[in-house]
Amino acid sequence: MTINEKQDEIIEEFSAFDDWMDKYSLLIEMGNELDSFDEVHRKEQNLIEGCQSKVWLHAELNDGKMEFQGDSDAIIVKGIVALLLRVLSGHTPDEILDADLYFIDKIGLKEHLSPTRSNGLVAMIKQIKAYALAFKVKQN
Amino acid sequence: MGLNIQEIRNDFPILAEKVYGKPLVYFDNAATTQKPLSVIEAEADVYRRVNSNIHRGVHHLSNVCTEAFEEVRRKVAGFINAGSNEEIIFTKGTTESINLLATSFGEHFFSEGDEVILTEMEHHSNIVPWQLLQKRKGIHIKIAPVTDDGELDMDAFEKLFSGKTKIVSVTHISNVMGTINPVEKIIEKAHSFDVPVIIDGAQAIHHLPVDVKQLDCDFYVFSGHKMYAPTGVGILYGKREWLEKMEPYQGGGEMIDRVSFSGTTFNELPYKFEAGTPNFAGVIALGAALEYLKSKNLNDIWDYEHDLFEYAMEKMKAVPGIRLIGQASDHTSVISFLLGKAHPFDVGTLLDKLGFALRTGHHCAQPLMDRFGIPGTVRASFAFYNTRDEIDRLSEALNRVGTMLG
């Protein structure tokens, strides 16, 4: 599946709910189901500290495709991390660099990506792109 | 006499707003309070009718505007029972008032190795200005600890004094826990060592009557925006004897007597500390806020808010998994809590979607969070326009949120 196909799939899943609490229930469920974060990667250099919540992100390149692990101390943030990793894991650095992450806005979670939200997600997406760029440079 | 809460609510237009289609429940009053129509109108009216730079012109509007501005200085002096109008300095807010003191008092009275006493429950704005002074002058910062109940440890506080103590700077009321500190005792103790005291009144001024003469504090600072006035206006009250000895904080217009390149002489109090054009529209609207508060009577406000707090505590204690942070015997209407193992950010995000405005995080008091070993709290802070019905709704919402995050 392409990045956009995955985004459309998520939009479809969330479209079943028009109540905020139902959307957040689904997000919390996704946060709870996120693959557990490998403790060896829980180190300072993988920590993205927001003013309120923390995000951990680990990235590696396997056979030209990027694989991510992520975590957060806040479950809603963790749910969004789960969505981002589902969309971006398994893609090439180029695909990730070109990705337009429109699904966050479409499912009504845009506020969480506002720089004022201080939850570490904005910095996380920047970090994902920075990893993609670094791996791309390394490959070439 | 009692307060007519419905009538009061009608005075605050924002309370009729809806968020996500739900009625707004505004429980973030410790961050900033909402403004009554009379305050909004007073500020708009300045621009509509009298806007003109103050203390400058010979023309009519400038005189009217200056008089309205100075009238508020007199009102503030009366409100806190200051000895004279000259002891009231207008600033941008509590933060600027403390920065002014740490700079002007600090530069004049501190030498390397001298000490300031703070407490563990201070807002960052009463910590960082002293750390900056520490960098500039090599002073020491001593910290009075907080007990498990969220009260100031008075025995430990008293032991911090030494011959090098130059000032004590302490909050009247904790912005996180609502603890009311025994400021009379603190001031008495400090004065017994001939040490002056700054009281950070940001969380107190709109909750209880403050009498600076009776307190005998040397400085008392607060913000307009937490007392139903516009943002960008603050007060520094200081005893004349101290203010006269202190150097100006910033240079510019208004604060000078005469300027030449061979040297400048400074204006008298209070203008010595008011460089540049002040936020006169905000100050004039602060006057309207003072009138509003006086018309409601601070004692009645205190009784009502206290009753609301007691009711809220009872309701909150019944919420499964709730952990209250700070349970001082003397407190204002602020409740900080954690819900089970849930992160405060999650609780706040879900409550937001249910129409509640609360604050989550460390509340600019990270040392206090460290003291309790927590990343932050969820904070509900009430004002006199809040109701029992809103608290009932919060308790229902917390039950729901607790289940979702359980």
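A: Let's start with a term: a residue is buried if 20 or more other C-beta atoms lie within 10 Å of its own, exposed if 12 or fewer, and partly exposed in between, with C-beta atoms placed from the backbone. Also, this is a predicted model, where local features need pLDDT of at least 70, side-chain atom pairs count only at pLDDT 80 or more, and totals for chains, interfaces and linings use all residues. Residues are numbered from 1 along each chain as its sequence is written, while chains are lettered from A and ligands numbered from 1 in the order in which they are written.

Q: Ok, which residues of α3(B) are buried?
A: They are B:Cys65, B:Phe69, B:Val72, B:Arg73, B:Val76, B:Phe79 and B:Ile80. Their arc around the axis is only 130°, so they sit on the same side of α3(B); the arc is that of the directions from the helix axis to the C-beta atoms. The names come from DSSP runs, numbered from the N terminus: helices are H or I with at least four residues, strands are E with at least two.

Q: And what's exposed on the other side of α3(B)?
A: B:His60 and B:Glu67 are exposed there.

Q: What do the buried residues of α3(B) pack against?
A: In chain B, they pack against α2 (37-50), β4 (88-91), α8 (212-215), β9 (219-223), β10 (234-238) and α10 (280-296). Two residues are in contact if their C-beta atoms, placed from the backbone, lie within 7 Å.

Q: How far apart are the end C-alpha atoms of helix α3 of chain B?
A: They are 31 Å apart, which agrees with the 30 Å that its 21 residues (60-80) should span at 1.5 Å a residue. The expected span is 1.5 Å times one less than the number of residues.

Q: New topic: in what order do the four strands of the open sheet in chain B come?
A: The order is β13-β14-β17-β16 (chain B), with antiparallel pairing. Two strands pair if DSSP finds at least two bridges between them. The edge strands, each pairing on one side only, are β13 (322-324) and β16 (359-361) of chain B.

Q: How many bridges link β14 and β17 of chain B?
A: Four bridges, between β14 (residues 334-339) and β17 (residues 377-381) of chain B. B:Val334 has B:Ser381 in β17(B) as its bridge partner.

Q: Which strands does helix α11 of chain B lie across?
A: Helix α11 (residues 298-317) lies across β13 and β14 of chain B, at about 5° to β14(B). Axes are lines fitted to C-alpha atoms, for helices over the stretch in contact, and angles run from 0 to 180 degrees between N-to-C directions.

Q: Now the two chains. How many residues does each give to the contact?
A: Chain A gives 14 residues and chain B gives 12 residues. On the side of chain A that touches chain B, α2(A) gives the most, with five residues. That side has nine nonpolar, four polar and one charged. Here Ala, Val, Leu, Ile, Met, Phe, Trp, Tyr, Cys and Pro count as nonpolar, Asp, Glu, Lys and Arg as charged, and the others, Gly among them, as polar.

Q: Last one: where's B:Ile143?
A: B:Ile143 is in strand β6 (residues 140-144) of chain B, and counts as partly exposed because it has 18 C-beta neighbours inside 10 Å.
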